[in-house]
Amino acid sequence: MEKYKIILFDLDGTLSDPKIGITKSVQYALRKMGIIETDLNKLDCFIGPPLQTSFAENYNFNKENMEIAIDFYRERFKEKGMFENNLYPYIPTLLKSLKELDLTLVVATSKPTVFSEQILKYFNIDEYFDLVVGSNLDGTRAAKTEIIQYILDQYDEHELEDFIMIGDREHDIIGANNNGIDSIGVAYGYGTLQELNHSNPTYMVKNVEQLKEILIEEN
């Protein structure tokens, strides 16, 4: 009997490595706000969490400045940032194998849905996903707990045991825990091992090959 029927994937840091596109777009936004940041590695903290959270926590922006900064970020991100991005090795193979098992695959991301859909099409992996759920452009439905709850509501004929969330940041694991579903923390993304272990995932993996082993063996 299949254990997991509906598999939720985070996008940034889980399916793809978006470092250059995100950090350069944040750098652009900060420069427009009068802040010069030359070290892109210092902006890795923006990969995963909602932009509202990252600008507020890392630069103490109030709501007005945060909204202005996000608009600047999107100027560059829409033009080129979303395509400065690479799939992690073996992701297409993993997705193909899971679909061959007739599993339902869903993207659960804090990135706006409209950008997420374009990225999946750019990588030619959109065909594998039954549903893509991200945040709204107005900043609503940005928290992972909300996003996962929305997905659960779309598949309310299923039990919680049918779902599993896969992600590289604590927000992914906490969102899964808050909704009562299992989770896999992936250590190849942008969350630290300490961050992931502290959030208490059901499983931890170091690479996509281990991820495939868990998902295929459990099914």
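This is a predicted model: local features need pLDDT of at least 70, side-chain atom pairs count only at pLDDT 80 or more; totals for chains, interfaces and linings use all residues.
Residues are numbered from 1 along each chain as its sequence is written, and side-chain values use heavy atoms, with hydrogens and water left out. Helices (DSSP H or I, at least four residues) and strands (E, at least two) are numbered from the N terminus.

**Helix α6 with helix α7**

- The axes of α6 (residues 144-154) and α7 (residues 170-179) come within 8 Å and cross at roughly 50°; axes are lines fitted to C-alpha atoms, for helices over the stretch in contact, and angles run from 0 to 180 degrees between N-to-C directions.
- That angle makes α6 oblique to α7, since under 35 degrees counts as roughly parallel, over 145 as roughly antiparallel, 65 to 115 as roughly perpendicular and the rest as oblique.
- On the α6 side, the contact (heavy atoms within 4.5 Å) uses K144, T145, I148, Q149 and L152.
- Across from them, α7 brings H171, D172, I174, G175, A176, N178 and N179.
- These contact residues divide into four nonpolar, six polar and two charged; Ala, Val, Leu, Ile, Met, Phe, Trp, Tyr, Cys and Pro count as nonpolar, Asp, Glu, Lys and Arg as charged, and the others, Gly among them, as polar.

**Helix α2 with helix α3**

- α2 and α3 pack at an angle of about 120°, with their axes 10 Å apart.
- That makes α2 oblique to α3, and their crossing is right-handed.
- L51, Q52 and F55 of α2 meet M66, A69, I70 and Y73 of α3.
- By class, this contact has six nonpolar, one polar and no charged residues.

**Helix α4 with helix α9**

- α4 (residues 91-100) and α9 (residues 208-217) have axes 10 Å apart and an angle of about 5° between them, which makes α4 roughly parallel to α9.
- From α4 come I91, T93, L94, S97 and L98, and from α9 come V208, L211, K212, L215 and I216.
- Seven nonpolar, two polar and one charged residues make up the contact of α4 with α9.

**The cavity**

- Searching the whole structure gives one cavity of 30 Å³ or more, where a cavity is a set of points on a 1 Å grid over the protein atoms alone at which a 1.4 Å probe fits but cannot get out, and lining residues have an atom within 4 Å of a point.
- The largest cavity holds about 230 Å³ of space; grid points are joined across faces, edges and corners, and a volume is the space filled by probe spheres set on the points.
- Its lining has 23 residues, with P49, L51, S110, K111 and P112 nearest the centre.

Key: On a 1 Å grid over the protein atoms alone, a cavity is a set of points where a 1.4 Å probe fits but cannot get out, and a pocket is an open set with protein on both sides within 12 Å along at least five of seven lines; lining residues have an atom within 4 Å of a point. A crossing is left-handed if the near helix is turned anticlockwise from the far one by less than a right angle, and right-handed if clockwise.
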